[in-house]
Amino acid sequence: METVHPNHTIMRRACITGTGAYAPERVLTNKDLEAMVDTTDEWITTRTGMKERRIARDDEASSDMGAEAARRAIAAAGITPEDIDLIIAPTITPDTPWPNTGCYIQQKIGAKNAWCVGIEAACSGFIYGIWMARNMIATGAADAVLVAACEKISSIVDWTDRATCVLFGDGAGAVIVQATDHPTRGIIGGHMGSDGSLSNLLIQPAGGSRMPTTEETLRNGMNYLKMAGRETYKHAVTRMTDSARKLLQSCGLTFDDVDWFIPHQANMRIITAVGQRMGVPVEKFIINIEKYANTSSATIGLALDEAVREGRIKSGDKILFVAFGGGLTWGSMLLEW
Ligand code: UT7
């Protein structure tokens, strides 16, 4: 567990200078799902808030989506791909187990001066990635970092399992993180945590070194995403609320000081419950779950980019990201825009 107050350790202030996102063209609606599994638009809408999700083309991998989101973030930041010295690619659906997806993105966007890593922190990956970028910038180890979360969750979903297949979608969200001399703008603080004792709640059991892919694992569906929905739900609400509260306390602020909350978009009911526990009206949450469903590490980037481009987020606004996912992992981060 790590909580950092801005004034304790900061050497150089880090700031998001550009955002970008990408969603595949193909839309899969709740109605479409009714024809695929035993479900209804009504069940999905009332239980999750989701109406549709995007599905990548067969020939479109996570890095293709990440590269497109990255190009848009690079253009928004007004830099060139050669300016980037580190690429962090959060994803649980890498193009290949290795090389890491950051390397594929590097090649696609021409960021030839960067070194590249992937991180598999599931839905918390975007916040973890930006927090790592912030720390590289704070120490002077990097000047411009691309964080490109990209997910083709449709490639690990069991399309015959109604309990999971209706919940997920594909997409990518990216940011450029750079150093700033501005006295208040940028990343103020972060709070990250994990609990590996609960790794079985959300897991893709086969395909790694513990259980390599065999005909048997394929037959038993062990290569698909598995989730204990109800238990995960409870942990999501408590961990997200707790993390955000601890972060704000460490910064000497309260929930009232925050202009916008951008939560991981796993379930509208989770977002509502988190808002209630925080005593924050749902109007302060940026939500687009109805359009994209749960894109794991990409949800916050997709929501952030949309809000920035729509002009909802304004200079000087305080923004809090908060997420929860497989691992278990969770995290929150506070920024001034
Ligand atoms: O991003 C990573 C983090 N992920 C999450 O945070 C997800 C957390 N979990 C959830 O969001 C919710 O638990 C779910 C949306 C996954 C499920 O909602 P729930 O209210 O917990 O439903 P449930 O699993 O308790 O299932 C209720 C009923 C069951 O039927 P019975 O046993 O009551 O007869 C399920 O079989 O709903 C049934 N059901 C469905 N019915 C129609 C489950 N999936 C579906 C479906 N359509 N797609």
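Which polar side-chain atom lies 2.4 Å from an oxygen atom of the ligand? I looked this up and found that the atom belongs to Arg230.

**Basis.** I am working with a predicted model, in which local features need pLDDT of at least 70, side-chain atom pairs count only at pLDDT 80 or more, and totals for chains, interfaces and linings use all residues. Residues are numbered from 1 along each chain as its sequence is written, and side-chain values use heavy atoms, with hydrogens and water left out.

**Ligand.** A side-chain N or O atom of Asn267 is 2.7 Å from a ligand oxygen atom, and a backbone N or O atom of Gly229 lies 3.0 Å from a ligand nitrogen atom. The ligand on its own has 960 Å² of accessible area, and the protein covers 76% of that (Shrake-Rupley method, 1.4 Å probe).

I then looked at the shell and found 22 residues around the ligand (each with a heavy atom within 4 Å of it). The closest are Thr39, Arg47, Arg230, Asn267 and Asn294. By class I read 10 nonpolar, seven polar and five charged residues. Here Ala, Val, Leu, Ile, Met, Phe, Trp, Tyr, Cys and Pro count as nonpolar, Asp, Glu, Lys and Arg as charged, and the others, Gly among them, as polar.

Helices H3 (41-48), H7 (162-165), H9 (229-250) and H10 (268-278) each supply at least two shell residues. H9 gives the largest share, four residues. Helices (H or I, at least four residues) and strands (E, at least two) are DSSP runs, numbered from the N terminus.

**Thr19.** I found Thr19 in strand E2 (residues 13-22). Thr19 is buried, with a relative accessible area of 4% (buried means under 20%, with a 1.4 Å probe and protein chains only). Its side chain makes a polar contact of 2.7 Å with the side chain of Asp305. Such a contact is a pair of N or O atoms within 3.5 Å; within protein, one must be able to donate a hydrogen and the other to accept it, and residues adjacent in sequence count only if both atoms are side-chain atoms.

**Backbone.** I checked the loop between helix H11 (289-292) and helix H12 (299-309), where Ala293 sits. Phi of Ala293 is near 60°, a positive value in a residue other than glycine. Ser296, found in the loop between H11 and H12, has a positive phi of about 55°.

I also noted a cis peptide bond between Trp98 and Pro99, with omega about 0°. Another cis peptide bond joins Gly327 and Leu328, with omega about -15°.

Terms used. Buried means under 20% relative accessible area, exposed over 50%, partly exposed in between (1.4 Å probe, protein chains only).
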